Amino acid sequence: MIYAQIKSGRKLHLVCEAGEEDRGSIVRYGYLGAPLCGQHMEGNYRMTINVPLGNACKKCRLAYTRRTHQ
Ligand SMILES: [Zn+2]
């Protein structure tokens with residue numbers, strides 16, 4: 001799991017990395033999953049980062065908490 005930004009200045013969404021399960025399928029090598037919150041995503045992320053820098057998407061964090069408590 002890694003944080004990814006779609007556009008400059010926007011929130012960081014949580015996305016699955018290669019080898020992690022994203023909604024029933026494994027993310028392929030060289031790819032990233034869609035934001036956990038369901039935000040529409042086309043093309044490439046602007047950047048990815050391991051820490052949210054205090055600007056993480058709340059919906060993604062909720063989805064992540066749900067996911068880890070299943
Ligand atoms: Zn999100």
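## Strands S1 and S5

Strand S1, residues 2-5, and strand S5 pair in the antiparallel sense over three bridges. Strands here are DSSP runs of E with at least two residues, helices are runs of H or I with at least four, and both are numbered from the N terminus. Two strands count as paired if DSSP finds at least two bridges between them. Tyrosine 3 has isoleucine 49 of S5 as its bridge partner.

This is a predicted model, in which local features need pLDDT of at least 70 and side-chain atom pairs count only at pLDDT 80 or more, while totals for chains, interfaces and linings use all residues. Residues are numbered from 1 along each chain as its sequence is written.

## The sheet

S1 also pairs with S2 in the antiparallel sense, over four bridges. In this pairing alanine 4 stands opposite histidine 13 of S2. The hairpin of S1 and S2 has six residues between the strands, and glycine 9 takes a positive phi near 85° there.

A residue is buried if 20 or more other C-beta atoms lie within 10 Å of its own, exposed if 12 or fewer do, and partly exposed in between, with C-beta atoms placed from the backbone.

## The chain as a whole

The protein chain has one helix and five strands, which follow the pattern β-β-β-β-β-α along the sequence. Its radius of gyration is 11 Å, which agrees with the value near 11 Å for a compact globule of 70 residues. That radius is taken over C-alpha atoms, and the globule rule is 2.2 Å times the number of residues to the power 0.38. The C-alpha atoms fill a box of roughly 30 × 25 × 20 Å, taken along the principal axes.

Buried residues make up 20% of the 70 residues. Of the contacts with a separation of 6 or more, 47% are between residues 24 or more positions apart; a contact means C-beta atoms, placed from the backbone, within 7 Å.

## The nonpolar core

The largest nonpolar core has 10 residues: Tyr3, Ala4, Leu12, Leu14, Val15, Cys16, Leu32, Leu36, Cys57 and Cys60. S1 and S2 are the elements that give two or more residues to this core, and S2 gives the largest share, three residues. Such a core is a set of buried Ala, Val, Leu, Ile, Met, Phe, Trp, Tyr and Cys residues joined through C-beta atoms within 7 Å.

Leucine 12, in strand S2, counts as buried because it has 23 C-beta neighbours inside 10 Å. Not counting residues up to four places away in sequence, leucine 12 touches residues including Tyr3, Ala4, Ile49 and Cys57. Alanine 4, in strand S1, is buried with 23 other C-beta atoms within 10 Å. Leaving aside neighbours within four places, the contacts of alanine 4 include Leu12, Val15 and Leu32, and those of cysteine 60 include Leu14 and Leu36.

How values were computed. Two residues are in contact if their C-beta atoms, placed from the backbone, lie within 7 Å.
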